[in-house]
Structure formats: C-alpha cells, structure tokens
Amino acid sequence: MFQTFQPLPPVDRSGGRVERSVAFIDRSPVVVFEKQGQPLAPAVDCDWEAILGSYGCGPAIRLESSGWKWSTADKRNFNCHALAIGSSVGLGPDQWLEGLASPATMHHNPVGTLLARCFERISSKTVTSKGRSAIREHDVFVCYDRDHDHYVHSGFLKWVAGIPMAISKFGEGPIMITTLKLIERFYQGAFDELRWYRPKESTQRRKALRSLDQGDSHSLTGSDSASSMPFRCHVTATVAFA
C-alpha cells in the first residue's frame, strides 16, 4: 500500500546536494530525487536529433509536452524512468527515478519496485527477438540488464502513421520520438532484455492510489486507465501522430 512521500536527508549528486523523498508500497521503499533549485544532472548542450539520427534507424524527433513542460534550464531534472514509469503513477517533472539500487535509494531499486507492484509484465524479449504482437499503445518498455538488475532506459509506445514508435527521454536531453530499433542500437551492450509492461487495473492498485493524500503534490496519484497518460505530446516536425 502506498503512503504519502516523506522527506529523506539530501545526498550529493552531480556536484550538488539534491533532495530525496520516499514512499512505501508493500513495505518496499520508493525513493525519488527532487529538484530544489539544483539540477540533478550536468548541463549537456548538444543536438540530440543529429546524434540519434546518425544511427540510421529511422527518425529522431524532438517532442513538446502540454503537461510536462520544461525549459532549456530545467529539462534535465527528470529522466526517462520518471517520464515512462513515474508519470503513470503520478510523479512530476521535478522528480528523478533511479533504475538501480544504491545506498541513496535505501538499497532498493525504485523502478523495479514500481514495475513489480503497479504494472503487469506483458512481454519479455531478448534484444534479438522479433515478435511484439502483445504490445499496445502506451505500454511501457524497459531496457533491462539482468546481470546487474539495472533498468537502463525506458519509454512508452506510440503509433505514428501505422508504425510503432518509442517516446522516451535521452539522458539530460529532451523527450524524443524514435524507432524501437534506434533504442536498441543506441543502448547496445548496456542491456540484454527488452521488457514490456502495462499499468495494472487491479482493485489493489486503485485502493492504493485512493489511499494517498490527494492534496500532497508529492503523492503517487494517477488514473486507473491503463491507456491514459498525464500529458499529450505532439511532434514539432512534419510527422504527425496517427
């Protein structure tokens, strides 16, 4: 069962002190980092469209969000996991969700805990597998390193002109739409399994979400609909969502 987030002592990260908070689900802690006037990652000013486009695996297009707005100054302060996994359960764009256990996360893997408790695992494919027939729009994918229990990257599926595409955030860069093949090529060697998840619709999840303090902006709130997202993206180039 979720509880309202409670503050933890700040930690050193990327050359500065950043705030942390924790909530519990089934007695497992979920620790998030939060921006309090300090970026969570170093500034990287680069042309992500050109970098990703150089992999020759289809388009790499920057997105804008009507719900998760960011500026050049603060776009680094949430990561791919906060976008793909945290947004499904109500985390906001000032929060950073780790995919690896560490002392700063109370030796628990925040992404792993949320996936296990709030999502249904619908498919697990090695990076060489072809079939993805069970995948639906808005399903979450994670690039998983089994040897280190490390969730390397995550995003979610969106159909564009009849083609399955990935919406995700690359490092400190912007939200991008790319092909799934580009994701696999970009993170080649860093993971060995591509997993797909869908938010649970179970009574337990609905009860957990309703149990939260709805007035607390740090609570894990969200919709019971597996297909709903907390924001709508549109492409800033000539390709439009189908």
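Which order do the 4 strands of the open sheet take? In this predicted model, where local features need pLDDT of at least 70, side-chain atom pairs count only at pLDDT 80 or more, and totals for chains, interfaces and linings use all residues, the order is β1-β2-β3-β5, with antiparallel pairing. Residues are numbered from 1 along each chain as its sequence is written, and side-chain values use heavy atoms, with hydrogens and water left out.

Strands here are DSSP runs of E of at least two residues, and helices are runs of H or I of at least four, both numbered from the N terminus; two strands pair if DSSP finds at least two bridges between them. At the edges of the sheet lie β1 (6–13) and β5 (95–97), each pairing on one side only. From one strand to the next, the twist averages 40 degrees. Helix α3 (residues 110–118) lies across β2, β3 and β5, at about 125 degrees to β3. Such angles run from 0 to 180 degrees between N-to-C directions, with axes fitted to C-alpha atoms, for helices over the stretch in contact, that is, with heavy atoms within 4.5 Å.

Within the sheet, β2 and β3 form an antiparallel pair over 7 bridges, and Ile25 has Ser28 of β3 as its bridge partner. The loop between β2 (16–25) and β3 (28–34) holds Arg27, which has a positive phi of about 70 degrees without being a glycine. Most residues other than glycine have a negative phi. Asp149, also not a glycine, has a positive phi of about 50 degrees and sits in the loop between β7 (140–145) and β8 (150–160).

Arg27 counts as exposed because its relative accessibility is 82%, whereas Asp149, at 35%, counts as partly exposed.

Conventions. Buried means under 20% relative accessible area, exposed over 50%, partly exposed in between (1.4 Å probe, protein chains only).
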